[in-house]
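Open your viewer and keep the sequence panel handy. We'll hop from one selection to the next.

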Amino acid sequence: MTSNEWRKSPLHAQHEALGATFTQFGGWEMPLKYTSELDEHRAVRESVGLFDLSHMGEIRVTGKDAVAFLDHVLISAIAPILVGKAKYTMLVQENGGIIDDLIVYRLGDAEFMLVPNASNRLEVFEVLSERVGAYEVTLSDESGETVLLAVQGPRAVDLLETLLPEEQREALHELRYYSCGTFTVNGVECLVSRTGYTGEDGFEIYIGSEHGADMWNALLGAGQQGVEPAIVDEEDPIAAAVLNAVDGSNVLKVMPAGLAARDSLRLEAGMPLYGKDLGRDRTPLEAGMELLLGRMKRNYIGRSKLVNQPQPDQLLIGLKGVGRRAARSGYEVFDKEGNKVGEVTSGVLSPTLGYPIALAYVDRWQTKVGTELEVDIRGTRHPFVVTPTPFYNRKKRK
C-alpha cells in the first residue's frame with residue numbers, strides 16, 4: 001500500500017498544521033507525534049492530552065434480536081449490560097483465536113455500538129454479517145461518518161466541562177467509568193464515554209465527521225473555566241493552544257498527542273494491543289482475559305474450545321527490567337538455565353516509571369510473580385523479573 005492509498009483522518013489538515021509526523025497504522029496515515037512523544041506522554045500523565053482516534057471503527061447493531069445476537073457472537077454476557085454502560089470484550093473464532101478485542105456500548109434496549117480496532121474493522125463487520133443467520137438485527141458500519149476524539153489525563157474533566165452547557169457539567173462529573181451518555185459539547189450533540197486506553201481518567205467523544213475539525217480546535221483552545229489563556233492568537237488558535245500548554249495552577253495544560261505516546265501510555269497501563277499482544281493465534285485464556293468469558297451463557301461461538309480448553313501452555317505476563325535496555329517485540333525470553341521460555345510482544349523504557357517494561361508470552365511454569373528471567377536484546381541477555389500488571393496505576397499515584 002502506498003502513502004496515497006492510506007486513509008486519512010477528517011482532521012488530517014489540523015494535524016499537518018501542528019507539524020505532526022505521520023505513520024501508517026491499520027491502513028491509515030495517522031499522527032505519530034507532534035513535538036516530542038515524551039512530552040505528549042507526560043502531558044497525559046500530568047494534565048491532559050488530546051488524541052484523534054478516527055481510525056477506529058464504529059458498528060451499530062439494532063433490532064429486536066440485538067441482545068441475543070451479540071450474546072451469541074461475543075464471548076461476554078451482553079444481556080446484563082445496562083443502557084448507558086459499556087463493556088470490553090472479544091470476538092473469537094470457533095477455535096477460540098481472537099479476531100478482535102472491542103468495546104460494546106449499550107445505547108438502548110435494542111441498540112448497541114461496537115468499536116473494533118482500525119485494522120480489523122472490515123473483517124469484524126464481515127464476520128458479524130456472516131453470523132447474523134436468522135437473527136432479526138441490522139448492522140451498520142458508521143466508521144466513515146464518525147470522528148472519535150479522546151481527552152485523557154487527570155484534568156480531562158476540567159477541559160471537557162469548559163465546552164459543556166452549565167446544566168450538563170454535574171452529569172459529566174458523575175459519569176462513571178465505562179459509562180456513556182449524550183452531551184452537548186461545543187454546541188454539538190454527541191456521545192461521550194468515560195473510557196480510554198491510557199490508564200488515566202478521560203473521555204472519548206463520538207461525533208459526526210463534519211463537526212470534527214471544530215471540535216478538535218475547540219478542545220485544544222479550551223482553557224480552564226474563568227481563566228484567560230496566557231497567549232491568544234485569534235488568527236491561529238491551534239498554534240495558540242500549543243503555546244498555552246504550560247505548567248501552572250491557573251492555566252490548563254493541554255497537548256495534542258500521537259500514536260507513539262498512546263502506545264507507551266497503554267503499555268504502562270498493561271493494556272494489550274491487537275496485532276502485537278493479541279491475535280488469531282492466541283485465545284482470551286492465554287491473554288489472561290478469562291474474566292471476560294460469559295460463564296453462565298449456554299452457547300456462544302468459541303465457547304466449547306474456551307470452556308473445555310486445558311490450562312494454556314503460555315500466558316501473557318508483565319516483565320520489569322533490572323537495567324535500562326528496553327525489550328522490544330519479537331525479542332526472545334530465557335529462563336536462568338538458558339532455555340527459551342517465551343517471546344516479548346510489546347516493550348518500552350517507561351517514561352513514567354523510569355525502567356523497562358514489557359508484555360510477553362511465557363511458558364506457564366515461568367509466570368509466577370518474582371520469577372527471574374532474561375531477554376535477549378541484540379545478542380546480550382538482560383535481566384527481567386515477572387511483575388504484576390498494570391505497571392502503572394493512577395489510583396496509587398503519590
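Start by selecting helix α9, residues 259-268; helices here are DSSP runs of H or I with at least four residues, strands are E runs of at least two, and both are numbered from the N terminus. L259, A261, R262, S264, L265, R266, L267 and E268 are buried in α9, where buried means under 20% relative accessible area (1.4 Å probe, protein chains only). Bear in mind that this is a predicted model: local features need pLDDT of at least 70, side-chain atom pairs count only at pLDDT 80 or more, and totals for chains, interfaces and linings use all residues. Residues are numbered from 1 along each chain as its sequence is written, and side-chain values use heavy atoms, with hydrogens and water left out.

What covers the buried residues of α9? Show β2 (21-25), α2 (37-46) and β17 (340-349), which are among the covering elements. Just after α9, click G270 to find a positive phi of about 70°.

Next, select strand β10, residues 146-152: seven of its seven residues are buried. In a regular strand, side chains alternate between the two faces of the sheet. Here T146, L148, A150 and Q152 point one way, while V147, L149 and V151 point the other.

β4 pairs with β10 in the antiparallel sense over four bridges, and L50 stands opposite V151. β13 also runs antiparallel to β10, joined by seven bridges; look for V147 opposite I207.

Conventions: Buried < 20%, exposed > 50% of the residue type's maximum accessible area, 1.4 Å probe, protein only. Contact = heavy atoms within 4.5 Å. Pairing = 2+ DSSP bridges.
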